[in-house]
Amino acid sequence: MSKRQVIPGFGLTMGFTVSYLGLIILIPLAALFLKAAGLGLSQWWALLSSPRVIAATKLTFGASAAAASVSVVLGLLVTWVLVRYQFPGRRLLDAMVDLPFALPTAVAGITLTQIYAPNGWVGQYIVKLAEWLQPHFTPSGWIGLQLHDYATKGAAYSPLGVFIALTFIGFPFVVRTLQPVMEDLGNEIEEAAATLGANRWTVFRRVILPLLIPALITGFTLAFARAIGEYGSVIFISGNLPMKTEILPLLIVAQLEQFKYEAAAVIASAMLIVSFALLFLINLIQRRLDWQNR
């Protein structure tokens with residue numbers, strides 16, 4: 001006698017799941033690789049090794065990794081405050097965390113550009129700081145050139161602006177991943193550690209943090225994946241300068257606008273392969289940590 005399932009209709013639901021995944025994910029990805037296959041391996045290599053693509057790749061993945069790392073640190077602090085403390089305006093602060101989810105990315109890009117432009121609320125102070133630091137560095141050096149750019153443009157139209165935009169859109173993923181995990185952590189383990197003589201820093205480092213690491217890795221993965229494919233908020237604040245502030249999604253769109261569909265497919269395919277490999281590696285590390293915690 002077959003075991004009765006709680007939810008009936010396994011064949012129907014499984015068929016729907018496979019069909020949905022095929023139509024939404026598998027078929028478009030297969031079409032992407034088929035389009036990219038229109039170019040030979042030599043053309044793939046020539047395109048992907050071009051200075052413009054390499055510069056965009058470094059900026060996209062480097063800024064995404066840096067933004068996700070900062071989001072992990074800031075997200076942990078914000079989540080700790082929201083979960084562990086009660087204060088006036090807590091619900092409003094909790095709701096503001098979701099603002100990047102609800103705000104259109106183009107609006108976010110325009111807003112960030114206005115704030116970090118040379119005459120913006122924050123950008124004007126970045127300009128003053130760069131002007132103050134300039135005499136202490138060689139003008140022909142890398143730092144001197146960067147300071148010159150920040151002294152004239154602020155944080156907008158620079159790699160720093162790309163980093164700020166990617167941090168803005170990835171930060172909520174970390175908070176919403178950590179929040180339920182931290183809420184489930186009771187005070188019992190902290191009290192037990194305190195009775196054994198552990199101070200607050202030891203309790204956090206040896207007791208709480210190991211329990212939060214899997215959630216932190218998940219939040220980092222989500223923020224990193226979101227940042228890699230971000231387009232709307234970055235194109236405004238970056239300035240889209242080739243070899244300087246151009247990201248891979250913008251480069252793909254530029255190839256499409258020039259009717260170079262195979263080249264766009266090649267860049268997108270390579271970006272997809274690298275992203276999948278990095279996410280697979282991160283998930284593998286997370287699984288190992290989960291296994292060790294058990």
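Author: Let's start with the volume: the largest pocket holds about 300 Å³ of space. A pocket here is an open set of points on a 1 Å grid over the protein atoms alone, where a 1.4 Å probe fits and protein lies on both sides within 12 Å along at least five of seven lines. Grid points are joined across faces, edges and corners, and the volume is the space filled by probe spheres set on them. Before going further, note that this is a predicted model, so local features need pLDDT of at least 70 and side-chain atom pairs count only at pLDDT 80 or more, while totals for chains, interfaces and linings use all residues. Residues are numbered from 1 along each chain as its sequence is written, and side-chain values use heavy atoms, with hydrogens and water left out.

The lining consists of 13 residues, and Met 96, Val 97, Pro 100, Phe 168 and Phe 171 lie nearest the centre of the pocket; to count as lining, a residue needs an atom within 4 Å of a point. By class that makes 12 nonpolar, 1 polar and no charged residues, where nonpolar covers Ala, Val, Leu, Ile, Met, Phe, Trp, Tyr, Cys and Pro, charged covers Asp, Glu, Lys and Arg, and polar is the others, Gly among them. At least two lining residues each come from helix 3, helix 4 (90-96), helix 5 (99-102) and helix 9 (159-184). Helix 9 gives the largest share, 5 residues. Helices are DSSP runs (H or I, at least four residues), numbered from the N terminus.

The whole structure has 5 of them. In one, Asp 94 meets Arg 176 at 2.9 Å, N to O. Asp 94 sits in helix 4 and Arg 176 in helix 9, so this pair ties together parts 82 residues apart in sequence. Arg 176 also pairs with Asp 98, at 2.8 Å, N to O. Because Asp 98 is in the loop between helix 4 and helix 5 while Arg 176 is in helix 9, that pair ties together parts 78 residues apart in sequence. Through shared partners, Asp 94, Asp 98 and Arg 176 end up in one salt-bridge network.

How covered are they? Asp 94 is partly exposed at 24% relative accessible area, Arg 176 is partly exposed at 25%, and Asp 98 is partly exposed at 28%. For the scale, buried means under 20%, exposed over 50%, and partly exposed in between (1.4 Å probe, protein chains only).

Helix 3 spans residues 51-84 and includes Ala 66. Ala 66 is partly exposed too, with a relative accessible area of 33%. From Ala 66 to Phe 224 is 8.8 Å, C-alpha to C-alpha, although 158 residues separate them in sequence.

One more salt bridge to look at: Glu 262 pairs with Lys 35, the closest N and O atoms being 3.9 Å apart. This pair links distant parts of the chain, with Glu 262 in helix 14 (residues 261-293) and Lys 35 in helix 1, 227 residues apart. Glu 262 is partly exposed at 29% relative accessibility, and Lys 35 is partly exposed at 38%.

Terms used:
A salt bridge is a side-chain nitrogen of Lys or Arg within 4 Å of a carboxyl oxygen of Asp or Glu.
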